[in-house]
Amino acid sequence: MWLAPNDTRLLYSDYLHLHKDSRRAVFDRCFDPQWPCRWLPETEYARNGWQRTNLSGPFAEMQTPGATVSFETDATAVTAHLEYSGDCRPGCPSTQWAGQEEDARRCYDPLRKGNAQPSDVCEASCVPILFVDGVRRQLPPTEVGAPRLYIGAVAFDLAVDEAAPMGMRRFELSMPWGAATHLAGLRLARPPTSDGITIQRPPPRGRFTYIAYGDSITHGYCAETPYPGLIGRLNNWTAINLGWGGIRVTPRHGPALGAIPADLISMLIGTNDYGGGNCEVAAGLSETLDGIREAQPDVPLVVITMIVRREAGDPHGDCSSDGGGGGVTLEQLREQLRREVNRRIH
């Protein structure tokens with residue numbers, strides 16, 4: 001039995017935008033008009049699937065970590081058919097937005113030429129996350145292109161515990177942080193001797209919406225599961241992950257975030273300012289918060305200071321652009337954020 005993406009028995013959650021028809025369900029996180037999604041006519045897509053001919057690798061606008069499709073069924077075999085609209089290689093973790101296209105090419109282009117030097121930091125999350133009846137399940141291995149290349153159409157068998165009594169089960173499939181994925185449909189089956197397949201739409205999560213805004217740490221870089229999804233699941237919230245790898249404090253994002261209805265917004269931003277030599281973040285943070293407050297004056301805002309780290313060769317930390325000392329330390333940048341937030345509280 002084939003279940004099309006626009007079947008009303010499917011429940012979609014934890015996404016910013018969803019576009020679905022009988023052929024595919026496409027998620028996106030395009031909230032900044034200066035970074036629009038790069039939609040192309042299908043005639044310009046490569047023949048082997050949804051590979052974009054003018055880009056190298058996936059980009060944050062179309063990576064939708066945590067976007068989830070859920071359904072309940074008594075089928076004993078379920079296969080999810082996904083489409084990868086950009087390369088995803090576990091050895092090339094990338095959370096880059098379109099403005100950093102050249103950074104992404106550093107890893108992807110050598111791989112295409114056969115002389116790759118994959119990242120030794122972590123692996124990209126190319127495979128969706130599966131929960132069955134609320135319990136995390138590992139997806140069995142699937143055949144992909146060599147060397148471990150996810151692109152175009154890829155099918156995943158959603159394993160069912162054959163020893164468990166037959167009956168209705170709730171399946172939740174969440175998109176990975178390292179790939180731009182679309183749902184093409186689901187294939188369901190039962191033994192020939194059994195009755196027909198039952199499928200039903202599960203109840204939605206609570207109406208509380210949590211928006212997590214930030215950089216690659218929020219996006220999920222090097223994590224098995226991005227923290228916004230973990231928080232959402234623990235609290236039965238809808239969690240929308242708006243972490244984009246590489247971004248800095250960006251005041252124009254304030255009004256854009258404020259335009260998205262939310263019950264809670266968190267911000268974890270600034271580590272790329274430190275790494276990029278921007279030693280003053282308080283003013284930009286203030287303008288960002290003002291933009292949110294203009295649209296949503298009462299929404300709770302949580303500002304998280306940058307994660308403590310030490311740069312290689314610089315044990316004390318220094319955000320000066322030339323690295324020659326005399327710049328602002330990471331802790332001083334963290335203190336700028338604290339003072340700005342405390343100024344608003346007291």
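**Reading helix α7 in a predicted model**

Biologist: What span does helix α7 reach from its first C-alpha to its last?

Modeller: In this predicted model, helix α7 (residues 330–345) has 16 residues and reaches 23 Å between its first and last C-alpha, close to the 22 Å expected at 1.5 Å a residue, where the expected span is 1.5 Å times one less than the number of residues. Helices (H or I, at least four residues) and strands (E, at least two) are DSSP runs, numbered from the N terminus.

Biologist: Which residues of α7 are buried, and where do they lie around the helix?

Modeller: An α-helix has 3.6 residues a turn, so residues three or four places apart point the same way. Buried means under 20% relative accessible area, exposed over 50%, and partly exposed in between (1.4 Å probe, protein chains only). In α7 the buried residues are Leu-330, Leu-333, Arg-334, Gln-336, Leu-337 and Glu-340; seen down the axis, they fall within an arc of 150 degrees, so they line one face of the helix, the arc being that of the directions from the helix axis to the C-beta atoms. The face turned away from this buried side carries the exposed residues Arg-339, Arg-343 and Ile-345.

Biologist: Which elements do the buried residues of α7 pack against?

Modeller: They pack against α5 (271–276), α6 (282–295) and β16 (301–304), with contact meaning heavy atoms within 4.5 Å.

How values were computed:
Residues are numbered from 1 along each chain as its sequence is written. This is a predicted model: local features need pLDDT of at least 70, side-chain atom pairs count only at pLDDT 80 or more; totals for chains, interfaces and linings use all residues. Side-chain values use heavy atoms; hydrogens and water are left out.
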